[in-house]
Amino acid sequence: MSQFQLKVLHVLDNKYFQNAEVVAGHEGLLRIVKWAHVLEIVHVDNFLVGEELVLTTGISLQHGIEDFMTFIESLIEKNCAALCIEYGSSIQAVPEAILAIANRHQFPIIVFHEAVPFVRITQDLHSQIINQQYLMVSTLESYSQTLNKNTVLGQNTEDILQNMYIELKTQIMFSIKGREPVLYPNMTKSKRQQLLALNKYAQQFKHEPIYIFDQHYADLTLFREDGLFSEFELLILDRTATALAQLLMREFYIEEKKNIEDASILADWIDQKLSKEEIYKFIVSHYTNFSQSSGVVFILATPSTVMKAQEDIVYSKLYYRNLFEQHGFIPFLFERKSYVIFILLHAKDCRAIREILNSIFTSLPKTEFYKKQQTQEFQIAVGKVVADVQDIFKSYQTALETLYICRKVQASSFFYDDLHLYHLIYKLQMQVNLKEVINDYLQPVIEYDEKYNSKLLETLQVYLQSNGSKQQTANQLFIVRQTLYHRLKKLESLLGENFMKGHNRITLEFMLLANSLIDDKS
């Protein structure tokens, strides 16, 4: 917006420049002027920050072309707007070599053929720059107030983009990840394709990312053919992106309210009380373009010992909802006791869904949100991925089993598919008295530990996990080899000399897993 920027071309309209002449760098007359500075020294590095209009009488440049060369190159390197030279006793002409450098870098050199009052020039230009800055801040404040007012009145995305376009008259693009970009004003199909085919990192684009719950959710983008974005345009871009983020947050909260209303239906769904037709009718009422898809249940469990603020629960639900939507899932969620249950549907097959979930939960532990939840002892579990929405109850049951297992043992995963052996033990526990079976194999070791306060059971477990490596076992237990040999000798006396061979070893590994899963108090 030119009314908020002073350019070299505009400076030439100043009354003191009426008889001035541009002798080089005509193609750089659109450079921005942010300040005017009088300099009479050759070495200027410590006196400039960029985009200054430099005024000089040339008193320091009269001793030789080398000084002049150093001076002009420093101005260009510092990205100054232009150089104004007053011809007089110090300098009467600009050397051709200097003009050539200025033209090559499109750096304007303006000469005064008569004496001019530098003080008056700097006063005039500074007043103009300050007035423009004041006008820009006032306009920006007015724009921000309009955004806030319209937010209260219930504006939508298109209203915000329309206000932005009215202010800037520049092509706008709003793109939410995983969705088609919205262009304002809209374009013909061919022009739209041409625009979207351009490299998004080209200088014609200026992007402002929109984050929702620490997730990069969308981008607001300006497009200019010349790639010259003003400070005002960038400030408007920033304000508008903030308004869109607030609008998206409001939409998330409205969606959360709708989910509360759907809670009873979702509960019936996972409890196997709905027919396939009823399930499809419910899904289509929310997503009209829904087609056959696979699904999975994700459970977020809050510890019963922690007093939870309601806003923390809402924040967690919105965070995970946004996270799953970013990866193409259709999420339905509700609360049951201390669980937040997510039913996640996806158009891709079961294997592809598992890969997407792997990607999500590989990145999640790096976020501050997840780290905070871990300190509060939140737990998560992912059930079995099912190919039919009618089988979601199976995913729910397996997610509950996975949550139970993760609470009992230090499992390396919270995916049902990664804990098959634990699930087998869990199901056996439901059918037989597994504690008696465990005692048949491990009771001598357990009783010895209780009687002598030793650590034979732990030693056995680490020894098996280390595939019988004595050095690795000693290192993990932080004991010397001699102590380990003594413990292994005692284990041989309690379990038999062949406890590490064949089926004996497999049986012991299974019983150790079962022992870690079963609650001693049950």
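The structure is a predicted model, in which local features need pLDDT of at least 70, side-chain atom pairs count only at pLDDT 80 or more, and totals for chains, interfaces and linings use all residues. Residues are numbered from 1 along each chain as its sequence is written, and side-chain values use heavy atoms, with hydrogens and water left out. Helices (H or I, at least four residues) and strands (E, at least two) are DSSP runs, numbered from the N terminus.

**Annotated regions**

- The UniProt record, an unreviewed entry, places "domain: Purine catabolism PurC-like" at residues 11-129; such annotations may be inferred rather than shown by experiment.
- Over residues 11-129 the chain is 29% helix and 20% strand, with the end C-alpha atoms 11 Å apart.
- UniProt also lists "domain: PucR C-terminal helix-turn-helix" (unreviewed entry) at residues 456-514.
- Over residues 456-514 the chain is 78% helix and 0% strand, and its end C-alpha atoms are 17 Å apart.

**The five-stranded sheet**

- An open sheet of 5 strands has the order E2-E7-E6-E5-E4 with mixed pairing; two strands pair if DSSP finds at least two bridges between them.
- Strand E2 (21-24) and strand E4 (35-38) stand at the edges with a single partner strand each, so one side of each has no neighbour in the sheet.
- The twist averages 25 degrees from one strand to the next.
- E2 pairs with strand E7 (residues 109-112) in the antiparallel sense over 3 bridges, and Ala-24 has Ile-109 in E7 as its bridge partner.
- H3 packs on the sheet, touching E2 and E7 (contact means heavy atoms within 4.5 Å).
- The direction of H3 makes about 90 degrees with that of E2; angles run from 0 to 180 degrees between N-to-C directions, and axes are lines fitted to C-alpha atoms, for helices over the stretch in contact.

**Helices H2 and H3**

- Helix H2 (residues 65-77) and helix H3 (residues 96-104) pack at an angle of about 10 degrees, with axes 10 Å apart.
- That angle makes H2 roughly parallel to H3 (under 35 degrees).
- Ile-65, Phe-68, Met-69, Ile-72, Glu-73 and Ile-76 in H2 meet Ala-97, Ile-98 and Ile-101 in H3.

- Strand E10 (residues 205-212) and strand E11 (residues 215-223) run antiparallel, joined by 8 bridges.
- Pro-209 stands opposite Asp-219 in E11.
- E10 and E11 form a hairpin with 2 residues between them, and Phe-213 in the turn has a positive phi of about 55 degrees.

Methods:
Angles under 35 degrees count as roughly parallel, over 145 as roughly antiparallel, 65 to 115 as roughly perpendicular and the rest as oblique.
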